[in-house]
Amino acid sequence: MTQIFRLENGGLINRDKKLSFKFNGKTYYGYEGDTLASALIANGVHLVGRSFKYHRPRGFFGAGVDEPYAIVQLYRNNETEPNIKATEQELFEGLEAKSVNCWPSVNFDIGAINNFLKIFLPAGFYYKTFMWPKSFWYRIYEPFIRKAAGLGVASTKHDKERYEHKYEYCDLLIAGSGPSGLASAYAAAKNGARVILAEDKPRFGGSLLTSDVNIGNQSGKDWANGIIAELKEMPNVVVKNRSQVFGYYDHNMLVMSEKVSDHLPKTKKHHPKQRLWYIRAKEVLISSGSIERPIVFGNNDTPGVMLSSAAKEYLKVYGVLVGKNPLVFTNNDSGYETAIEFKKNGINPIILDSRVNPQSEIIDEAINLGIKIKFSYVVVAAQGYKKVRSADIAKISDNKKQLGTIENIKCDCICVSGFWTPTIHLASQSGNKTKFKEEIDAFVPGTSKQNETTLGAANGIFTLEETLKSSFTAGQDLSKKITNKDNKISFPNVVEKISSQHDKFWCVPLPKGKNYKRFLDFQNDVAVSDIEIALKEGYRSIEHVKRYTTLGMATDQGKTSNLNGLQLVSDIENKVVPAVGHTTFRPPYTPISIGAIVGREVGKHSKPTRKSPMHSWHEKNNAVFVDAGVWLRPRYYKQGNENLFEASKREAKNVRTNVGVCDVTTLGKIDIKGPDAAELLNRVYTNAWLKLPVGKARYGVMLREDGIVMDDGTTTRISENHYHMTTTTAQAANVLSHLEYYLQVVWPELNVNVVSTTEQWAGAAIAGPKSRKLLKKLFPNNDVSNEGLPFMGYKESELFGVKARIFRISFSGELAYEVNVESDNGQFMWEKIIELGQEFQVQPYGTEALSTLRIEMGHVAGSELDGRTISYDTSLEGLISKKKDFIGKRSLNREAFTSGDRQKIVGVVPLDKKTSIPEGSHLVRDAKAPLPNKKLGHISASCWSVEYDNPFSLAILKDGKNMIGEKLFVMSPLKNKVIPVEIVSSHYVDPKGERVRS
Amino acid sequence: MLHIKCPYCGMRSQNEFSYGGDASVKRPELNKEISDEEWDNFVYNRKSPRGKHLELWQHLSGCRQWIKVERDTATHEIFNTYKADEEIS
Ligand SMILES: [Zn+2]
């Protein structure tokens, strides 16, 4: 016999489609339209997990997003996902789930020993106990907690699912499709507003699906279905189910998570698993409803104790009985609705009502149906370990302080209703100053900060008629402002039962001699006694009590526990709840998967990839690429079995002896035009620029205003008012912003325009003693002799019919040129260079050889210009003009910048001339000095010198100027290396710079 | 995410902009003798007011213009935006 708790008829499930699923290895059956929770309850499974701290048995408490207990590990399509709420997970064929937080099994849990030790685990336990003795932490507590605590297990596999992000704008975003959401959406849509209506559940309608009401001569459910059908047809409306609006951010931007495929056995091809919507709404209507509040009593966490509204939902939506012998414990009329539903389905519930003598239509109906009701009665404690077997009940005095004689009655579930708590999370996140509403003993939204309006139960309005009226009006008025249309909608006739006043009572006193645990926070196991201890120990602020006890800090964010906690604190402190205040609500309202947050920006899609026009040539010629910012650059060109070291050495050596060609397209390029261009450069660079002739390039260093070097590069005067600036690959974007800032904000009087041309030009550096010979072949009609094109000279020419720019500049320290052509001709240029260079043994070289060449020449790059160094440190102080002012100059006379023993760039050679020096290592005087060993400097860049065939490094060293010839040690604890070294000049090769001018 | 009105492009999302700090700071004139204190105030010292703040933003992924934004640092309310050279009364 399966599904013994399933009714013969009823519910909104599809009984024609039976689904099989597994829970903890055992196979069960449910129906399409079930949740995992409803299907398990239908099968009589009430034990689903263990609690976080005491490992007490856990069942189901709610039927949706508020569920604190029923958290499972889900298996779907060979993937696993932790911490899924069984009350939200829709059933699909082949679903598999397992309990979490129990070891070794849900039925026998070692951690439950905590339950018997609970006297040792009061509030603040983790703070207090684990502090001492220290050695216990590593040996006992930590391993124990690791094994026993925690929720599910995250998969360590790559997530193959696709997640999408979507940006959307609308006039009205409506969060929640209950009566208020439907009414406001309908009114706004009729006025032509662009509406997004979001519902977190699979079915639209909210409370209308379960309440016994009539709208316009239809049942609430039918009315809801009619409205939804109409909205779906309207072009200006987007209706989304399985979509939770979880965050309300600045300037009316909300984020919604749409579970596109989680309810299916497998994501359909070309569909995402989930979609994250960023919605900028002109107006937001919060129709998020309310969550039933529990009443606190002894052992109220026993499986089988659940919210009365959840019991009703299981019955009416899923056709499932949560018990066959139910006890309803209520302080208001809502419990009666649940009892009546039971009765209508042939079950005989007992109602315990804490109120003395309440009277209302629905109570009369219950009496007329013959339901047994006990007024002034409470549940003192639930009995039963893995499932409720009976309840200790007692009469309670009118002042709710004294309990009468305790009686025990049999029952298999206890449905609790402690009235309703409006879901104000979104309003609170938007910055709304919430206020306490005495009549309902709960917080409701107050003054709006952003364009947000809260409707219906979320606003503390619990009658349907008032909810519908105010929601129609809100939808109409807000849309009218936006669309200037005013479509009147006739208000439907509403039939509902009017409730009587609830009882301001949420915590049953302990009977004499009993110390039942009375839980407030069901997921984090926070009991009444924990709050009492926290207050006794002097915690007063509700934020502190929260953190000390962990009340409301579990994954359910205290949806069912916050108000009872506040009530308790205010009772003990003799304050009113508003004076205690509630803790801050922060997004997300429900847990959101990391995949959804990341979206498609994973792996290669995490950033754009930029490729030079010569990329395909590099690929064909065995280039091994490296990420340089967002660029892919050849690191080396592999020949045969060469490794990185061998290849880069060969390439660098070939530059020093013959000629090499390097793709330098990635260098930042900025076109500067205007009559004040020279003046701008003069202010930006540390050296003088006003007298640079047309057709000449100059090297320049630019500082930040604080005197630190920002970037370096060459700038060439193309014509009278036209310059071509180059920047390092890494700083290209920052330099452009920097120039724009000074031109637009600081010196708007300068008549200059700047624009990035990085992608417009393809660049090739041709370097080596034979580079001029190669250049002659490339440009046979030009005079490229040392006189015709001297060092730092510039020429415009044609490369076999293609417009080209030739710069005689060098980064490698060799005689070198840079040729630029328009990007489309990059490949052509490159192939010509390779073709005509054959007779000079030309070889392409990558970034590794490029680094080697610049390091042994002592040319600085990003590793030296690291945002901490000034011109002096990098031996660029010769470029500082004494005659003119420039950006950052005033900072250079600061004491630290002028001190005699200031750090400076030096060269470092290992004494054995063999051991490579790891970059980032520290330089110390004494390798054996006690720690902390005083650091004198650090290795900024290392290479294998091809000129001398031994390792060589650059370092930034304290008092570097006076350290040449000193013997120091390089320490790399990370690589476990201690290397004796000698400090030499940073210009290791060609210190006089003769080659570049040759 | 803020919604910022670029005076050139209209309402745009914050992720198109980069922040540029206090817009009331004036760079000392070039070649002018100034005290260490004045220079430090320009380079380093910024007020961190709670409330109205006139600040620079650059519409980086848009028109690339630097603009001035009058924003409340506590509530993020944006009262007005201006072109960089616009006089603010
Ligand atoms: Zn713009």
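This report walks through the zinc site and some salt bridges of a predicted model.

## The zinc site in chain B

Four side chains hold the zinc ion: Cys6(B), Cys9(B) and Cys63(B) through SG, and His59(B) through ND1, at 2.0 to 2.3 Å. The angles among the four donor atoms run from 105 to 115°, making the site tetrahedral. For reference, four tetrahedral donors would ideally sit at 109.5 degrees.

Along the chain, the donors are spaced as C-x2-C-x49-H-x3-C. Cys6(B) belongs to strand S1 (residues 3-6) and His59(B) to the loop between strands S4 (52-58) and S5 (66-72), so this pair ties together parts 53 residues apart in sequence. Cys6(B) is buried at 1% relative accessible area, and His59(B) is buried too, at 0%.

## Salt bridges in chain A

Over all chains, the count is 62 salt bridges. One of them pairs Arg275(A) with Glu164(A) at 3.2 Å, N to O. That links strand S15 (residues 274-286) with strand S8 (residues 163-175), the two residues being 111 apart. Arg275(A) counts as buried at 18% relative accessibility, and Glu164(A) counts as buried at 18%.

Then there's Glu313(A) with Lys201(A), whose closest N and O atoms are 2.6 Å apart. Glu313(A) sits in helix H7 (residues 308-318) and Lys201(A) in the loop between strands S9 (195-198) and S10 (214-215), so the pair ties together parts 112 residues apart in sequence. Glu313(A) is buried at 16%, while Lys201(A) is partly exposed at 25%.

## A salt-bridge network

Some charged residues join up in a network of salt bridges: Asp212(A), Lys316(A), Glu341(A), Lys344(A), Glu365(A) and Lys497(A).

Terms used. Residues numbered from 1 in each chain as written. Chains lettered and ligands numbered in written order. Predicted model: local features only at pLDDT ≥ 70, side-chain atom pairs only at ≥ 80, totals over all residues. Heavy atoms only, no water. Donors = N, O, S within 2.8 Å, 3.2 Å for Na, K, Ca; no water. Tetrahedral: all angles 85-135°; square planar, octahedral: opposite > 155°, others 65-115°. Helix = DSSP H or I, 4+ residues; strand = E, 2+ residues; numbered from the N terminus. Buried < 20%, exposed > 50% of the residue type's maximum accessible area, 1.4 Å probe, protein only. Salt bridge = Lys/Arg side-chain N within 4 Å of Asp/Glu carboxyl O.
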